[in-house]
Every structure is written in C-alpha cells, then in structure tokens.
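Subject: Structure handover

Hi there,

Here is the structure I promised to pass on to you. Have a look at it first, and then read on for what turned up.

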Amino acid sequence: MKAPYLLFVAGLAACSPVQEETAPTETETQEEAATLGLNHIGFAVTKLDDSVAFFVDTLGWKTAGGEPEYPSVFVTNGDMFVTLWQVTDPTNAVAFDRKNNVGLHHMAITVRDLAALDALHEQFLAKDNVVVEFAPEFMGDGPTTHMMIREPSGLRLEFIVPADRVESGS
C-alpha cells in the first residue's frame, strides 16, 4: 500500500503546476506602488548658512535654488535633494531629541568606498561645528561600514559604505 500511495503523490506533484512564490522585481514593485522614490528631504535648521556650507563645502554638493523670503536653500549631489529651511527663532528652537521626539531620526547617505568614508571622517574631525557621534565602524558584523555625525544645525547624518562597495581586504 505504501508504494502505490507514494507513486500517486509523486504523480500529482509531477502533473500539478507548482507556483513558486518569488520576491517581486523592482519594476513589478514600482508598477504596483503608487509612490516611486524619495523626491527630497526638507530639514528645519537653526544655522542656515552653516548647514548650506556643510553640504556644499564639506560634502561637495551644489546649491539648486531656494526661497530667500522663507528663507531656504536647496542643495543636491545630483541624485538627492535636500531643502534646508531656516527656523524663525533659532535661539528658542527646540533641538531634536532622537529618543523622545517624533520625526526624522537621521538621514543615511551612501558613500562611494571606504577611502571616501575615511576622508569624510577626517574632514568632519577638522570642523568645529560638526560632531562625530561615532567614527567609521562595521554595521553589525560588517563588512558594511558606517559613521554618524551631527552637522552644524544638529541634523543627524549617517554615512554608509554598503557591503558591495567594500573592497575585499580593506
């Protein structure tokens, strides 16, 4: 009885269409979702000029407009856009507390490679108005490597070299 039953089950398996569940491709996901990618991030800052200088002079981004009457400045690296909005009263602005305030915890930016991450780290250390929360280190067990800083207005920015960009032996 066992052998005919096994043959029956094997025959069903061979004749039945098997629909394997696979993860949707990026194209399929984009076609299903009404939203696409991130357009821009807007930050309220206490030191507009210093924050703009950080993105432009330290990170090498470009200005891409703004609204002087608000005031605001738009910056971009060619792929990402960030809008920096000056708060009305910087001396009385409430600093963000990542553990108690609702809002953006940090923004993570992909870095080209470990050499670029190390160079950024050195630049950040040389700036009096940038706080390095932690130096480049493995994320978890690695090899993805990251660091966290606070730019002149206190925005938390993480810089990450993903595993596929970490050279073997680096």
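A question to start with: which residue in S8 is the bridge partner of Ala108? It is Glu158. Please keep in mind that this is a predicted model.

That pair belongs to a parallel pairing, in which S5 and S8 are joined over 4 bridges. S8 also pairs with S7, this time in the antiparallel sense and over 6 bridges. There, Arg150 has Arg156 in S8 as its bridge partner. The hairpin formed by S7 and S8 has 5 residues between the strands, and Gly154 in this hairpin takes a positive phi near 95°.

Across the protein chain, by the way, buried residues make up 28% of the 170 residues.

Stepping back, the protein chain has 4 helices and 8 strands, which follow the pattern α-α-β-α-β-β-β-β-α-β-β-β along the sequence.

Now to the other strands. An open sheet of 4 strands has the order S1-S4-S3-S2, and its pairing is mixed. S1 and S2 (62–67) are the edge strands, each pairing on one side only. On average, neighbouring strands in this sheet are turned by 25° against each other, direction ignored. S2 and S3 run antiparallel and are joined by 4 bridges, with Gly66 standing opposite Val73 in S3. H3 lies across S1, S2, S3 and S4, and runs at about 160° to S4.

Finally, the packing. The largest nonpolar core has 29 residues, of which Phe54, Phe55, Leu84, Phe124 and Phe159 touch the most other members. Among the elements that give two or more residues to this core are H3 (48–58), H4 (114–125), S7 (145–150) and S8 (156–161). H4 provides the largest share, 5 residues.

For the chain totals, the accessible surface comes to about 11,700 Å², with 54% of it belonging to carbon and sulfur atoms. Of the contacts with a separation of 6 or more, 46% are between residues 24 or more positions apart.

Best wishes

Definitions and conventions. Residues are numbered from 1 along each chain as its sequence is written. This is a predicted model: local features need pLDDT of at least 70, side-chain atom pairs count only at pLDDT 80 or more; totals for chains, interfaces and linings use all residues. Side-chain values use heavy atoms; hydrogens and water are left out. A nonpolar core is a set of buried Ala, Val, Leu, Ile, Met, Phe, Trp, Tyr and Cys residues joined through side-chain atoms within 4.5 Å. Buried means under 20% relative accessible area, exposed over 50%, partly exposed in between (1.4 Å probe, protein chains only). Contact means heavy atoms within 4.5 Å. Accessible areas come from the Shrake-Rupley method with a 1.4 Å probe; for residues, only the protein chains shown count as cover. Two strands pair if DSSP finds at least two bridges between them. Axes are lines fitted to C-alpha atoms, for helices over the stretch in contact, and angles run from 0 to 180 degrees between N-to-C directions.
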